[in-house]
Structures are given as C-alpha cells and as structure tokens.
Amino acid sequence: MSKQQRAERTRQTLILAAAEVFDTDGFAPSSLTTISTRAGVSNGALHFHFVSKNALAEAVGDHAMASLRQIARPREAGQGRSLQLLVDTTHALAFRLGDDVILRAGFGLSSDATWKGSTDLRQYWVDWVGDVLTGAAAEGALAEGVAVEDAKAVIAATTVGFEAMGRSQPRWFSRQMFGKFWGLLLPRLARADALGSLRPDGSPGLVAALPL
C-alpha cells in the first residue's frame with residue numbers, strides 16, 4: 001500500500017470515528033482526543049488531516065450529504081409517479097439512517113445549534129420533498145384541497161421526527177413503521193383514483209431490497 005493510500009485510509013477512518021462520536025455525544029461535548037482514540041491514531045495524525053474539530057465535522061457533513069443526494073436524487077421532469085417516488089425514497093432513507101452512522105451523524109449535525117457548518121441535510125430533505133410534491137401536483141396526483149406547502153410541512157416534519165426517534169429506538173427506521181405512516185397519509189394526500197396503484201410499504205423492487 002502506498003503512502004498516499006495509507007493517508008486516505010487514515011482520513012476515512014477518522015471521518016467514521018468522528019461520525020460515531022458525534023452521533024452519540026453531539027458536536028460540542030466531543031473531543032478530538034476521543035475521536036483519535038476511537039480511530040486508533042495519534043492526535044498528531046488527526047491534526048495532519050484535520051486542523052480542527054469543525055473541519056472534521058465538515059468532512060462528516062460532506063460525506064453524509066453525498067449519501068443523501070444518492071438516496072434523494074433530483075426529480076427528472078416528466079418522470080411520473082411522484083408520490084410513489086416519495087414513498088420509496090422515505091423507506092430507502094430510513095433504512096440507510098439505521099445502517100449508516102455517517103449519514104445519521106450528518107442529520108444530527110444539521111440540527112445541532114453548537115455547530116455552524118456549510119451542509120444542512122435537513123434543509124436539503126425538506127426542499128427535495130417539496131420538489132417531488134410539486135411534481136405530484138403537476139401530474140394531478142394530489143387530492144383536491146391538498147396544498148403542496150402543507151403536505152411538505154407534514155411529511156418533512158414527520159420523517160425528520162422518525163430520524164430523531166430512531167436514534168434511541170431503531171424500530172422507527174423500520175419498513176413497517178414507515179408503511180403505517182404512509183398507509184394513514186396517502187388516502188388524504190392522493191387523488192382517490194390514484195390510490196390503488198400506490199404502495200405504502202414501497203414498490204416491489206424496493207421491498208425485495210430492504211429488510212423488514
């Protein structure tokens with residue numbers, strides 16, 4: 001392994017260790033010594049890669065945002081079936097939040113008042129939900145009287161609430177929990193003649209890929 005490869009491996013190890021510490025302790029109480037110890041490297045090695053705890057948190061946030069962008073991709077014009085896309089993406093996000101500590105830490109940092117970083121995963125998610133609902137409205141898929149902004153507020157707040165609850169109770173990340181949520185919401189959100197084609201538990205391909 002080359003020196004450059006070893007350096008990159010150390011950097012990734014530090015990012016993972018920082019995410020684990022931020023996820024459990026929050027940003028302000030976390031120390032670089034705790035992070036370097038968890039990563040199994042010296043404080044000197046940590047400072048070689050990251051000049052400060054804030055720089056390390058920025059790296060965690062950047063990695064988390066990259067993961068979120070892979071899950072919640074920008075909606076393509078004319079893509080269709082926007083409501084099912086929304087359902088499926090919330091299921092995929094919940095699964096990844098339960099499985100990916102860097103993504104989970106990124107969401108946590110976004111709501112941590114002691115950290116002023118450049119990435120805001122929660123705002124990206126809120127904006128993405130709004131964009132997909134705008135697409136659903138353009139398709140005529142929303143029930144009469146449903147306003148995009150109202151639906152966005154309900155869905156974004158609820159899914160972010162699931163993310164917060166799941167930190168201590170992983171069942172909140174389960175497909176059953178999100179399926180129940182969508183089972184309750186879709187009859188109010190979707191046009192009646194579109195309900196039959198919507199799957200609150202996720203599309204068949206998604207169901208096969210995700211555990212219960």
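Modeller: A helix here is a DSSP run of H or I with at least four residues, numbered from the N terminus. This is a predicted model, in which local features need pLDDT of at least 70, side-chain atom pairs count only at pLDDT 80 or more, and totals for chains, interfaces and linings use all residues. Residues are numbered from 1 along each chain as its sequence is written, and side-chain values use heavy atoms, without hydrogens or water.

Colleague: What makes the largest cavity a cavity, and which residues line the largest cavity?

Modeller: It is called a cavity because a 1.4 Å probe, on a 1 Å grid over the protein atoms alone, fits there but cannot get out. Its volume, the space filled by probe spheres set on the points, is about 40 Å³. Its lining, meaning residues with an atom within 4 Å of a point, consists of T90, L93, A94, L97, T159, E163, F173 and F178. Both α5 (82-99) and α8 give two or more residues to that lining, and α5 has the largest share, with four.

Colleague: Which element gives the most to the lining of the second largest cavity?

Modeller: That is α8, with three residues, in a lining made up of L93, L97, F107, W125, T159, V160 and E163. The second largest cavity holds about 30 Å³.

Methods:
On a 1 Å grid over the protein atoms alone, a cavity is a set of points where a 1.4 Å probe fits but cannot get out, and a pocket is an open set with protein on both sides within 12 Å along at least five of seven lines; lining residues have an atom within 4 Å of a point.
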